[in-house]
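Me: I would like a close look at a single part of the structure shown here. Please give one connected account of that part and its surroundings.

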Amino acid sequence: MELAFAEAIFAEEIGEVPVGAVVVDSSSGEVISVGGNRVETHHDPSAHAELIAIQRASYKLRSPRLINCDLYVTLEPCPMCAQAISFARIRRLYFGALDLKGGGVESGARIFYQSSCNHKPEIYGGLYENRSANMLREFFYSKR
């Protein structure tokens with residue numbers, strides 16, 4: 001989770017919403033990829049931290065399925081990212097703060113609980129929740 005926070009901090013430094021993600025091999029604990037938000041930098045609404053980390057891991061492992069991988073992210077994934085997590089067959093999802101407005105896992109759309117969802121990872125929310133929430137709160141407060 002520390003790497004995810006480091007990615008979130010870097011995202012904030014370049015003017016992005018501070019969200020970071022890390023894909024880890026569940027067997028060895030090896031970090032496969034990291035990602036931070038790049039929506040503004042890439043001029044791409046889909047350049048969320050989770051998607052970047054998943055894309056990099058898929059490329060590195062030469063597979064669209066990350067069956068033996070876990071994803072750590074500082075914020076609850078949105079519905080778009082949750083669906084990508086399902087498509088990638090991520091084994092476990094660990095996340096920090098809930099996203100009451102845009103979440104897609106435990107808030108909002110709850111993608112993994114829909115009958116159309118083919119794969120549901122094990123979900124562990126609330127990791128360093130206060131740290132994650134404070135980072136986001138301070139970022140948005142500074143923008144007002």
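Which backbone oxygen does the side chain of S132 reach, and at what distance?

Reply: The model is predicted, and the account that follows should be read accordingly. The side chain of S132 reaches the backbone oxygen of T74, at 3.0 Å. S132 itself is found in helix α5, which spans residues 129-143. Its relative accessibility is 2%, and since buried means under 20%, S132 counts as buried.

Leaving aside residues up to four places away in sequence, S132 touches F5, T74, G96, A97 and L127. One of these, F5, belongs to helix α1 and takes part in the contact between α1 and α5. On the α1 side of that contact are E2, F5, A8, I9 and E12, which meet R131, S132, M135 and F139 of α5. The two helices, α1 (residues 2-13) and α5, pack at an angle of about 0° with their axes 12 Å apart. Because angles under 35 degrees count as roughly parallel, α1 is roughly parallel to α5. Sorted by class, their contact has five nonpolar, one polar and three charged residues.

T74 lies within β3 (69-75), while G96 and A97 lie within β4 (92-97). Both strands, together with α3 (49-61), pack against the buried residues of α4. Those buried residues of α4 (residues 79-88) are C81, A82, A84, I85, S86 and A88. Just after α4, R89 takes a positive phi of about 60°.

Technical notes: Residues are numbered from 1 along each chain as its sequence is written. This is a predicted model: local features need pLDDT of at least 70, side-chain atom pairs count only at pLDDT 80 or more; totals for chains, interfaces and linings use all residues. Side-chain values use heavy atoms; hydrogens and water are left out. Buried means under 20% relative accessible area, exposed over 50%, partly exposed in between (1.4 Å probe, protein chains only). Helices (H or I, at least four residues) and strands (E, at least two) are DSSP runs, numbered from the N terminus. Contact means heavy atoms within 4.5 Å. Axes are lines fitted to C-alpha atoms, for helices over the stretch in contact, and angles run from 0 to 180 degrees between N-to-C directions. Angles under 35 degrees count as roughly parallel, over 145 as roughly antiparallel, 65 to 115 as roughly perpendicular and the rest as oblique. Ala, Val, Leu, Ile, Met, Phe, Trp, Tyr, Cys and Pro count as nonpolar, Asp, Glu, Lys and Arg as charged, and the others, Gly among them, as polar. A polar contact is a pair of N or O atoms within 3.5 Å; within protein, one must be able to donate a hydrogen and the other to accept it, and residues adjacent in sequence count only if both atoms are side-chain atoms.
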